[in-house]
Amino acid sequence: MRYKLTFVVGLALGYVVGTRAGRERYEQMKKSARDFAQSPAVRNAAESAAQTGRQVAGKAAHLVGDTVGDRLPSAVTDRVHAMRERGRANGKVDEDDWGTSNT
């Protein structure tokens with residue numbers, strides 16, 4: 001309940017500040033946010049975080065698959081094993097087990 005209240009208060013405060021600041025200030029904040037998001041340091045940090053997330057997700061998928069694989073329906077385990085083997089057979093270095101690119 002506390003988080004909902006905090007969200008509503010923040011939303012109301014943002015609305016009041018936004019309406020008082022006007023369109024010019026909104027455009028200025030929008031440009032600042034865009035410049036920040038497009039800076040090389042932020043882009044590198046985001047890509048690094050995404051790559052780390054993909055690696056952790058891949059390790060977790062293998063661990064979960066090995067741990068609970070015998071408890072899952074055979075259709076699911078067959079699909080997971082087929083995806084693993086397809087990736088190994090193709091020698092795909094820049095794709096993870098989910099078929100997404102690491103770049």
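**Close-up views of a predicted helical chain**

View 1. Lys31 is partly exposed, with a relative accessible area of 47%; here buried means under 20% relative accessible area, exposed over 50%, and partly exposed in between, with a 1.4 Å probe and protein chains only. The model is predicted, so local features need pLDDT of at least 70 and side-chain atom pairs count only at pLDDT 80 or more, whereas totals for chains, interfaces and linings use all residues. Residues are numbered from 1 along each chain as its sequence is written, and side-chain values use heavy atoms, with hydrogens and water left out. The side chain of Lys31 meets that of Asp35 in a salt bridge of 2.9 Å, N to O, a term that requires a side-chain nitrogen of Lys or Arg within 4 Å of a carboxyl oxygen of Asp or Glu. Asp35 is itself partly exposed, at 40% relative accessibility, and because the two residues lie 4 residues apart in helix H1, about one helical turn separates Asp35 and Lys31.

**View 2. The kink in helix H1.** Helices (H or I, at least four residues) and strands (E, at least two) are DSSP runs, numbered from the N terminus. H1 has a kink of about 110 degrees centred on Gly22, where the bend at a residue is the angle between axes fitted to the seven residues ending there and the seven starting there. Although H1 has 36 residues, its end C-alpha atoms are only 31 Å apart, short of the 52 Å that a straight helix would reach at 1.5 Å a residue; the expected span is 1.5 Å times one less than the number of residues.

**View 3. A nonpolar surface patch that includes Leu11.** Phe7, Val8 and Leu11 make a nonpolar surface patch of about 330 Å². Patches consist of residues with over 30% relative accessible area and no salt bridge, with like charges joined within 9 Å and nonpolar side chains (Val, Leu, Ile, Met, Phe, Trp, Tyr) within 5 Å. Accessible areas come from the Shrake-Rupley method with a 1.4 Å probe, and for residues only the protein chains shown count as cover. Leu11 lies in helix H1 (residues 2–37) and counts as exposed, at 55% relative accessibility.

**View 4. The salt bridge between Glu47 and Arg54.** The side chains of Glu47 and Arg54 meet at 3.3 Å, N to O, in a structure that holds 2 salt bridges. Glu47 counts as partly exposed at 34% relative accessibility, whereas Arg54, at 18%, counts as buried.

**View 5. Confidence along the helices.** The mean pLDDT, the predictor's confidence in each residue from 0 to 100, is 78 for the chain. Among its elements, helix H2 (residues 40–68) has the highest mean pLDDT (85) and helix H3 (residues 74–90) the lowest (73).
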